[in-house]
Amino acid sequence: MQINELKKKYDQLKKQLHPDAKKLMEQWAAILKQYESDFFEFDVRGKKIKQELTYQSLSGTKISKVYLPKYKDWGDILKWQLQENVPGEFPFTAGVFPLKREGEDPTRMFAGEGGPERTNRRFHYVSLGQPAKRLSTAFDSVTLYGEDPAHRPDIYGKVGNSGVSIATVDDAKKLYSGFDLCDAKTSVSMTINGPAPMLLAFFMNAAIDQQCEKYIIENNLREEVNKLIESKYEIEKLPKYISEDGNAIHHTLLQKIASTSNNANDVTNVVESENSLSGGGGAGYLPEGNDGLGLRLLGLSGEDVLPKEVYEKIKAHALATVRGTVQADILKEDQAQNTCIFSTEFALKLMGDVQEYFIENKVQNFYSVSISGYHIAEAGANPITQLAFTLANGFTYVEYYLSRGMNIDDFAPNLSFFFSNGMDPEYSVIGRVARKIWAKTMKYKYRANSRSQKLKYHIQTSGRSLHAQEIDFNDIRTTLQALYAIYDNCNSLHTNAYDEAITTPTEESVRRAMAIQLIINRELGTAKNENPNQGAFLIEELTDLVEAAVLAEFERLSERGGVLGAMERMYQRNKIQEESLYYETQKHTGDYPIVGVNTFLNKNGSPTILPTEVIRSTSKEKEFQIKSVTLFQERHQQKTAMMLKRLQDVVVANGNLFTELMETVKYCSLGQITHTLYSVGGEYRRNM
Amino acid sequence: MNFVSKNKIRIVTAAALFDGHDAAINIMRRILQSKGAEIIHLGHNRSVHEIVECAIEEDVHGIAITSYQGGHVEFFKYMKDLLNENDCGHIKIFGGGGGTILPGEIKELHNYGITRIYSPDDGRQMGLEGMIEDVINKCSETFLFPEVEVFETPASDSFALGENRDIKKVARAITLTENGKNITGYINNLKENSPKILMHKCPVLGITGTGGAGKSSVTDEIVRRFLNAYTDKTIAVISVDPSKKKTGGALLGDRIRMNSISSPRAYMRSLATRESDKALSKYVREAIEICKAAGYDFIIVESAGVGQSDASILEYVDISMYVMTPEYGAPSQLEKINMLDYADVICINKFDKTGALDALHDVRKQYKRSHGLWNTKDEELPIARTIAAQFNDAGINELFERLMEKIAEKTSVQFNGEIEHQAHVKNTVSQSTIIPPKRVRYLAEIAETITAYNTWTDEQAAIATKLYQLDGVIKMMNEEK
C-alpha cells in the first residue's frame with residue numbers, strides 16, 4: 001500500500017471518531033504534563049484550589065498523588081479516559097474530586113447516648129482540638145420511631161439507650177450547642193429515617209436560632225433582647241442545659257457571660273445554677289469546647305425576639321450555608337431495616353417535600369438523603385446486591401423527584417450515598433462502580449450537569465463482619481476494610497470499634513477505631529497516593545464484573561415493576577434473606593473461614609465474650625427527658641392544637657409539609673407531630 | 001381430664017416495641033409453625049398493649065418476643081404485669097435478644113415470672129430446634145379449659161384491657177368450639193352480659209378473594225372507616241387462614257396487616273382452617289354466633305384465598321365482597337370465578353397496576369353477563385376501584401359507602417352516624433404518583449444506557465487503536481524513505 005493510501009485511510013478513520021473522543025485524545029499530552037508538575041490547581045464551585053501533587057518519603061522518593069497510565073496505544077488511552085479517567089473527571093471512576101481535601105480526614109465523630117446534654121459532652125470530647133467537626137448522631141429507638149419519651153414501661157426502658165433521646169427543638173439545640181452549625185468546618189449527620197423530616201426541622205431551627213444569637217451578640221442587642229425575654233416569658237420556666245454534675249445553667253446569666261467567654265476554658269463559664277429542674281444547688285458548667293452557642297435562645301425562636309425581616313434574612317442565610325446529611329432513606333427501611341413509621345407513599349411524599357424545600361431555599365450544602373446500602377448489607381446482602389439495590393433506590397428517588405417537576409440539576413447534588421465495606425473482594429471496587437454507573441446515567445440518561453454526575457458516599461466498615469469471639473481480631477478486619485475504603489477514595493469513613501459485636505463501644509475502643517483511619521491516612525506510605533487502584537488488573541476486572549452484575553440486577557428489578565413493584569412482592573427482602581442464610585450456612589460448615597470463629601480457635605475454643613458492663617441511660621436522664629418534653633408541651637399548649645391542625649390542612653391541600661414542619665416544630669413535640677401525621681398520611685403497614 | 005396437649009398450640013410472635021430486628025423472630029415463627037403450632041405473627045415494633053391484646057383476643061398459650069434494642073427488662077415485666085392484671089397470667093412469655101440481654105437480667109426476668117429468656121449459650125446448647133421444642137412443651141402445659149365453667153360477671157365497663165366487649169370470654173368460647181366443646185353456657189352468659197342496646201340484627205360481611213389481592217389491607221381500611229364513622233359501634237373480625245396439611249401448623253398472617261384493630265371497639269380472631277383444602281374453618285358459624293352474642297354491632301369474616309371456584313363463604317354471611325386485582329390473565333379467566341356471580345360488591349384493588357382499565361371493562365362485562373344486567377349503566381354496577389395501600393383512598397371511601405348501602409338494603413340495618421370524609425388526598429382513578437406508569441421501565445433504561453455507552457467506548461477505542469497503528473506505519477514508512 002502506498003503511503004498516500006494509508007494517509008487517506010487514516011483521515012477516513014479519524015472521521016469516525018466522536019468529537020468527544022477526539023477531544024480527549026487531543027488533550028492527553030497536556031494532561032500528562034499537568035500531572036508532572038509539583039502543584040495542581042482546580043476549581044471547586046468557583047473557588048480556585050491549589051494543592052501539592054507530591055509527597056516525599058523518608059528515603060527521598062517522590063510519590064505523586066496521581067499516577068497516569070504509560071500506555072502508548074491510543075485506543076488503550078482513550079478507553080482509559082472513557083472508562084476510568086483521572087480523579088475529578090467523567091466518569092469519575094477514581095474519584096469525584098481531582099485531589100482529596102487537605103487538612104480534613106474523612107473521619108466522623110460518632111455519639112448518641114442518654115439525653116442531649118450527655119451526647120453534647122461526648123461530641124465535644126471526641127472533637128476537641130480537631131479542626132473539622134464532623135458529628136454523627138445516633139438516636140435512641142424511641143426517637144427513631146417518632147415517639148416522645150414516656151413513663152409507659154415499654155417506652156421508658158428504651159429512652160436514651162443506644163442513641164440520644166431527642167423529642168423537641170430545644171433538645172436539638174442542646175445537642176449541638178457549642179458547634180457553629182453554619183461554619184464551613186462543621187458538618188452533622190443524623191441517622192434517622194421514619195421521622196427524618198421532623199428531626200431535620202428541629203436541626204434547621206437550631207441552626208437558624210444559633211445565627212440569631214450571633215446576630216444579637218454582634219449587634220450588641222443582648223440587653224434589649226434580655227429585657228424583651230424577661231417581659232414576655234417566665235424565665236424559670238424556660239428549658240435549661242444541665243451540666244455533668246446535675247446543675248442547670250441559668251438562661252439569662254449565660255447570656256450575660258456570653259460577651260466575655262470566647263475562651264471555652266474561661267472560668268466565667270462556671271455560672272450560678274438555677275435549681276428548679278435539677279434539684280441541685282451547685283454551679284452548672286459547659287463542657288470544654290462548648291461556648292454556649294445555641295443555648296441562649298433555648299425555649300424560644302429567634303423570631304420571638306428579632307424583627308421579622310431580620311429573622312427571615314438570618315434564616316435564609318443559615319439555610320444556604322448549613323452543612324450535613326440526614327439519612328432519610330425510606331426505601332431501604334422497607335427493604336431491610338424496618339424503621340418505617342408512615343405508609344411508604346406518604347413517607348416518599350415527605351422526602352419529596354424536603355427536597356423541594358431545599359431547592360426553594362437554596363439549601364445546597366446539606367444532603368437531603370443518604371441513600372444507604374449499609375443496612376441492606378447488615379441484613380445479609382452480598383456486596384453486589386447491596387450496591388445494586390442501593391443505586392436502584394437512588395434512581396427511584398430521581399424518577400420520583402423528576403415526576404414532581406423538579407429539575408435534575410437542582411436536586412442531584414443533594415443526594416449522597418452510604419455503603420458498608422466488608423471483606424469480600426467486590427468491596428474493593430464498590431465506590432468505583434457506584435461512581436461510574438451514577439455518572440454515566442446522569443450524563444446520558446438524565447442529561448444532568450457535571451456537578452450532578454458526581455456521586456459522593458460515606459463508608460462504614462461492616463458491623464456484621466465483627467464477631468463476639470476473639471474480639472481483639474476485629475480491629476484487624478476493620479483495618480483491612482478501611483484500607484479498601486481509602487484506596488477506593490470514599491468521601492467519608494466510619495471505622496467500627498472492635499467491641500461493637502458485644503456492647504456499646506467504650507472511649508478506649510472508639511479511640512482505637514479512629515486510630516485505624518489515622519494510621520492509614522497519615523502513616524501508610526501508599527495511601528499518600530490517591531489513585532492506587534487504577535491500573536491494577538484485578539481491580540479493573542472486578543470493576544467490569546461488578547458493573548455488569550449490577551446492571552443484571554437492574555433488569556431483574558425492572559421485570560418486577562421497578563423498585564416499588566419489586567418491594568410489593570417482597571423481592572428485595574427475600575433476596576437479602578437468602579443471601580444471609582447462604583452466608584450463615586457457609587460460616588457454620590466452615591467453608592467460609594473466619595479466624596477465631598470457625599478456624600484457628602485458641603486453646604479454650606475461642607468462647608463468646610460477654611460484656612462486663614453495658615452503658616445504659618440512667619433513670620435520672622430518662623426522668624429528665626420525660627419532664628423536658630412534658631414541660632415543652634405545657635409551655636406551648638395554647639398553640640399546639642392550632643399548629644397541628646395547620647399541619648393536617650397542608651396534607652389535605654397537598655401542600656409542602658416540610659415548609660409547615662419548620663413552623664410546627666417550634667410548638668409541638670415529635671410524638672405529637674407523628675400522631676397527627678398518622679391520622680392524615682397513614683401508618684406503615686407491616687408485611688410478611 | 002387434661003386434653004390440652006392434644007389441642008393446637010397457639011402462639012403470638014413479634015419483635016419488641018421500637019425494634020426492627022425481625023430476622024430471628026421470622027426464623028423462629030417458621031420453625032414453630034413446622035412443629036404444628038398456629039402462629040399469629042405481629043411483626044416488628046409492637047407495643048406491650050398490642051401484643052397482650054392480641055394474645056387475649058386470640059386466646060393463645062404463649063407469646064414469643066425478640067428484643068434487641070434494649071429496655072427488655074421493663075418490656076417483659078410490663079407484659080407480665082398487663083397479663084396478670086387482666087387475669088391472663090396463664091399465658092406464657094418467651095423471649096430472646098442475643099447478647100443484649102445480660103445473664104443477670106435473664107435471672108431477674110425468670111424470677112419475675114417470665115417463662116423463659118433464651119441466651120446465646122442456650123442457643124448453642126439446645127440448638128434452634130431444641131429451643132422451639134422447649135417453647136412448645138412449656139406451652140402445652142398450659143391448661144386452658146376449666147373443669148367447671150366459671151363465669152365471673154364483670155361490670156360491663158371493666159372488660160379486659162378496657163375493651164367495650166368481653167373479649168376474654170369471646171376468645172375462650174371460640175377456642176372451646178374449635179376444640180369440639182359445648183359452648184351453650186358461654187353464649188348464654190355472653191348474652192346476659194351484653195350491653196342492653198343490642199341491635200336486632202348484626203350484619204355479617206364476608207370478604208373473599210385471591211391470595212395477594214390485598215384482602216387484609218382492604219379489610220383494615222373498612223374497619224378503620226367503620227370505627228371512624230360510627231363512634232359508638234363495635235366490630236368483630238374473624239379471619240381464616242389455611243392450615244398446613246403436612247405439619248398441622250398454620251401461619252395466621254392477617255393480623256400483621258391490620259393497623260386499625262387495636263381499638264377498644266374492635267375484636268379480631270384468627271382461625272386456621274385445620275383442613276388444608278378449605279377456605280373456611282368448620283367453626284366459622286359458631287364464631288359468628290359467639291360474636292353476635294357478645295353484642296358486636298358488625299362482623300366481618302375474611303376467608304383464606306383458595307381457588308377461583310370457592311364460594312363457601314356465602315353460607316355464613318349477609319352480604320359478600322370479592323377482592324381481586326387487575327392481574328388475572330385473560331378475560332376468559334373471569335368466567336371461572338364463582339364469586340363474580342354471587343358477590344354483592346366486587347373490589348378491584350391495586351388499581352394503580354397497568355391494565356386496570358381493561359380489567360374494569362372485563363369485570364363489568366362479566367358481571368353484566370352473569371347477572372343479566374344488560375341495560376344497567378357501568379357506574380351503577382357494584383364494582384369498586386381501589387388502591388388500599390394508598391392512605392384515605394377515594395376508591396375505598398366509595399367502597400365503604402357502597403357496602404353500608406348494601407347492608408341497609410339487604411339487612412335493613414343502618415348504623416347511626418355520619419360518614420365523615422376527609423378530603424381525598426388523591427383520586428384512585430388518577431395514576432400512582434410515585435413513579436408514573438410510563439416511566440416504570442427506568443431501571444432497564446439505565447442498564448441500556450450504560451451498556452450502550454460501554455459498547456460505544458469499545459468501538460471508539462478500536463478506531464483509536466487503528467489510527468495509532470496507521471500512524472505508526474506511516475511514521476515508519478516516512479523514516480524508511
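Reader: How do you know that strand S1 and strand S2 of chain A pair?

Author: In this predicted model, strand S1 (residues 39-44) and strand S2 (residues 47-52) of chain A are joined in the antiparallel sense over 6 bridges, and because pairing requires at least two bridges, the two strands count as paired. Val44(A), for instance, has Lys47(A) in S2(A) as its bridge partner. The two strands form a hairpin with 2 residues between them, and Arg45(A) in the turn has a positive phi of about 40 degrees.

Reader: What makes S10(B) a mostly covered strand?

Author: Strand S10 (residues 298-302) of chain B has 5 of its 5 residues buried. Phe298(B), Ile300(B) and Glu302(B) lie on one side, with Ile299(B) and Val301(B) on the other, so that both faces are covered, given that buried means under 20% relative accessible area.

Reader: Which strands pair with S10(B) in the parallel sense?

Author: Strand S6 (residues 204-209) of chain B runs parallel to S10(B) and is joined to it by 4 bridges, while strand S7 (residues 235-241) of chain B pairs with S10(B) in the parallel sense over 5 bridges. Ile299(B) stands opposite Val204(B) and is also the bridge partner of Ala236(B).

Reader: Why is Cys202(B) called buried?

Author: Its relative accessibility is 9%, and because the cut-off for buried is under 20%, Cys202(B) counts as buried. By the same test, Cys347(B) is buried, with a relative accessible area of 0%.

How values were computed. Residues are numbered from 1 along each chain as its sequence is written. Chains are lettered from A and ligands numbered from 1 in the order in which they are written. This is a predicted model: local features need pLDDT of at least 70, side-chain atom pairs count only at pLDDT 80 or more; totals for chains, interfaces and linings use all residues. Side-chain values use heavy atoms; hydrogens and water are left out. Buried means under 20% relative accessible area, exposed over 50%, partly exposed in between (1.4 Å probe, protein chains only).
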